[in-house]
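User: I'm new to this one and would like a quick tour. Could you take my questions in turn?

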Amino acid sequence: MSRQSPPPSSPSASTPLAEHDAPHHGRSVRVATRLVKGGTDTAVIGGRAVNPPVVRASTVLFESMDDMNDARRRRGTERMFTYGARGNPTGFALEDVVAGLEGGYRARLFPTGLAAITMVFLAYVRPGDHVLIADCVYQPLRHFVETFLKPWGVHVTFFRADGSDAAEHMTARTKMIYVEAPGSLVYEMCDIPALADLAHRHGALLVADNTWGSGVQCRPLMLGADISVMAATKYLSGHSDVMMGTVTTTQEVWQTLSTMADAQGVAVSPDDAYLVLRGTRTLAARLAMHERNALEVAHWLEGLPDVARVFCLALPTDPGHALWRRDCLGTNGLVSFEFANATPVQADRFVDSLKLFGIGASWGGFESLATVSNVVGTRTCEDWSHAGLIVRLHIGLEDPQDLIDDLAAAFEKVFGK
């Protein structure tokens, strides 16, 4: 059977009937072309949205070859929207917020906090160099040291979490001092300005993991650091639904990071950037509530006979309290405590008994979390083997009295007191 042409009432996509044509650049085009070309101009008359749009793009279009070539010439040193792998306008908006929070020159986004950390080493360190790393850093960084940096020929020395022995480990090959202040799990403080001075006198960089401070409670770049790293997964996002890392630098060291990130095609989803950008709008308010709730829980924990120590920098009894008061503007929802006398089975049972705390390794979201922390396995410069078992709590935005009641019930169930 021969194929019949469609009746006039049902024009095909290729039939140039005037009543079904639409102009494009002054020329009538057919249906299939209209479907491809239509709706790409989003300019509207009137006001503007509160938030920037989510710009999903791989391909970026230019008005002319001259425009495209000019953008490509400049994108190595300027932020240009030229291709999705080099960033997008939604991400650029978040970068501006982060750079402003940190007090830095520019910021770059990475798919995870760990990706941000590792990019710093890939950008600024080469085989044969020596780096100093604080003993209290995020455990996956230790894994990166063993699986990549050392096999790559980078010499690594861990120094005490408080920075007291850093100077004695400096060598002529030391290119970087990397700190986490406060540290993971038990929140050791180090003197960032003093370590910045030490690094700069030896021609090295100071890098600080600022996830705890999130650009609100602490600003390492303002204290002398050259580079600040954050896991935006945590407080910047605040809703436990996105993975992202950020690196912010001073102007003097920015280009090295930017070049390496471009060379590796690092970018984040505009949808993820939008989620984190939305989270930053309430960051200050959320942190204030986390701090208030956590302090109420911390003070309550201090009075328990089953608790040997409470780790919270805002408590005057904390060893890092004086440095925290000098260098930080507040605290957050993280509180850890050491059992006075508990077996591993009891520690696990305590966490399992909590009803309002999720069992999870992350933190920084709106919800409360609890986990038993293995400090012994994450420290090499200090011996924590004689300490009691430690539970890390992230105090969320629930009513603090409900959280205290939940903790009290768990203590009663496990220790009968």
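User: Where is S214 found?

Analyst: Some ground rules come with this predicted model: local features need pLDDT of at least 70, side-chain atom pairs count only at pLDDT 80 or more, and totals for chains, interfaces and linings use all residues. Residues are numbered from 1 along each chain as its sequence is written, and side-chain values use heavy atoms, with hydrogens and water left out. Helices (H or I, at least four residues) and strands (E, at least two) are DSSP runs, numbered from the N terminus. By that numbering, S214 is found in the loop between β7 (205-209) and β8.

User: Is S214 buried or exposed?

Analyst: Buried means under 20% relative accessible area, exposed over 50%, and partly exposed in between (1.4 Å probe, protein chains only). S214 has 1% relative accessibility, so the label is buried.

User: What is the phi of S214?

Analyst: Most residues other than glycine have a negative phi. S214 is not a glycine, yet its phi is positive, at about 55 degrees.

User: Which loop holds L185?

Analyst: L185 also has a positive phi, near 80 degrees, without being a glycine. It is buried, with a relative accessible area of 12%. Its loop is the one between β6 and α7.

User: Is the peptide bond from A181 to P182 cis or trans?

Analyst: Most peptide bonds are trans. P182 has its place in the loop between β6 (174-180) and α7 (192-201). For the bond from A181 to P182, omega is near 0 degrees, and that makes it cis.

User: How far apart are the end C-alpha atoms of α3?

Analyst: Helix α3 covers residues 89-102, 14 residues. The expected span is 1.5 Å times one less than the number of residues, so α3 should span 20 Å. The model agrees, with its end C-alpha atoms 20 Å apart.

User: How many residues of α3 are buried?

Analyst: The buried ones include F92, L94 and V98. Their cover includes β3 (106-110), β8 (227-231) and α10 (283-302). Helix α3 is largely enclosed by the rest of the structure, because the buried count among its 14 residues is 10.

User: Which residue caps the N-terminal end of α3?

Analyst: Look for a side-chain oxygen 3.1 Å from the backbone nitrogen of T90. The residue that supplies this oxygen is N88.

User: Which residues is S237 in contact with, leaving aside neighbours within four places in sequence?

Analyst: S237 lies in the loop between β8 and β9. It is buried, with a relative accessible area of 1%. Counting contact as heavy atoms within 4.5 Å, the partners of S237 are A232, V242, V276, G279 and R286.

Note on methods. A polar contact is a pair of N or O atoms within 3.5 Å; within protein, one must be able to donate a hydrogen and the other to accept it, and residues adjacent in sequence count only if both atoms are side-chain atoms.
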